[in-house]
Amino acid sequence: MDEERAVHQDIRPLRILILNLMPTKIETETQLLRLLSNSPLQINVELLHMNSHVTKNVPKIYLQRFYRTFNDIKDSKYDGLIITGAPIETLPFEKVDYWNELTEIMDWSVSNVYSTLHICWGAQAGLYHHYSIPKHKLKKKMSGVYRHNAVSENEPLLRGFDDEFWMPHSRNTEVRAIDINKNPHLHILAISKESGVAIVTDEKAKQIFITGHLEYDPRTLAYEYDRDTEKGLTPEIPRNYFPNDDPRMQPLVLWRGHANLLFANWLNYYVYQQTPFDISRVGPIKE
């Protein structure tokens, strides 16, 4: 932000919308709110759930009290939107029962949200819907914490990042660099030799796609491992997670610092410093 704008700037709370697609809604919203609140910026957060999907893991009264539906907010403007992941990545996108509603929201976000952050399956869905980037099924589930490298210099989203950083992943599908690099409007910011593409943006950084879960709590992967074990699925031990690969031990947290940094950078550089003070002016960037 230049000096002239800083002197004359008006300040208002940022309006952030979280579209929570996870079945564990309370845990997911708590993880995201912790990261969003680790900033001096004032934000007002609203929670959104899919009206076309019946949620089984959260009481209906909880959704009625704390969540809104698309019909409630479709005439509003937002500075930022977060679209979470969902444990449905093995389904074709069009087979997801709320796909039509989700695509309507993603189309709406182009004109009504300044910057959108897509996470895990939300990133795959966004890349597929906006840019026709396919997802590919993995031979086995990718679960663990993986080393990543930035491949784009001077990128504000990664400002302050170390040369290497760690990110949790938990998914059965992937997007591939070869598909993304064919589109001149997309840019890969970070990648891992083990887990593949990690962070992608469009050319205006209005759409940001993160294939992993920097928002995860220390024991989220442990919970998923225990859950799958109890179901008799014989999951592999998450990589680079338990000391000595021993599930009885407390997981080693390697990603917390960069998680806070990424969300702070997104709020600062892509939302706060860019979004108009008059929120009614939020819309597509004009050349």
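What share of the 287 residues in this chain is buried? Buried residues make up 53% of them, where buried means under 20% relative accessible area, exposed means over 50%, and partly exposed is in between, using a 1.4 Å probe and protein chains only.

Quick housekeeping before we look around. This is a predicted model, so local features need pLDDT of at least 70 and side-chain atom pairs count only at pLDDT 80 or more, while totals for chains, interfaces and linings use all residues. Residues are numbered from 1 along each chain as its sequence is written, and side-chain values use heavy atoms, with hydrogens and water left out.

Okay, the whole chain. We've got nine helices and ten strands; these are DSSP runs numbered from the N terminus, with helices being H or I of at least four residues and strands being E of at least two. The radius of gyration is 19 Å, close to the 19 Å the globule rule gives for 287 residues, so the chain is as compact as a globular protein of that length. That radius is taken over C-alpha atoms, and the rule is 2.2 Å times the number of residues to the power 0.38. If you like boxes, the C-alpha atoms fill one of roughly 60 × 45 × 35 Å along the principal axes.

Now contacts, meaning heavy atoms within 4.5 Å. Take the ones between residues at least 6 apart in sequence: 74% of those join residues at least 24 apart.

Let's zoom in on Asn 20. It sits in the loop between strand E1 (14–19) and helix H2 (25–36).

Next stop, helix H6, residues 121–131. How many of its eleven residues are buried? Eight of them, so to speak, are tucked away, and the helix is mostly covered. Among the buried ones are Trp 121, Gln 124, Leu 127 and Tyr 131.

Quick reminder: most residues other than glycine have a negative phi. Cys 120, though, has a positive phi near 50°. That residue lies in the loop between strand E5 (113–119) and H6, and at 6% relative accessibility Cys 120 counts as buried. Then, after H6, comes Ser 132, whose phi is positive as well, near 60°.

One more positive phi: Thr 234, at about 45°, and it isn't a glycine either. Where is Thr 234 found? In the loop between helix H8 (220–230) and helix H9 (256–272). From Gly 232 to Leu 138 you count 94 residues in sequence and 20 Å in space, C-alpha to C-alpha.

That's my tour, thanks!
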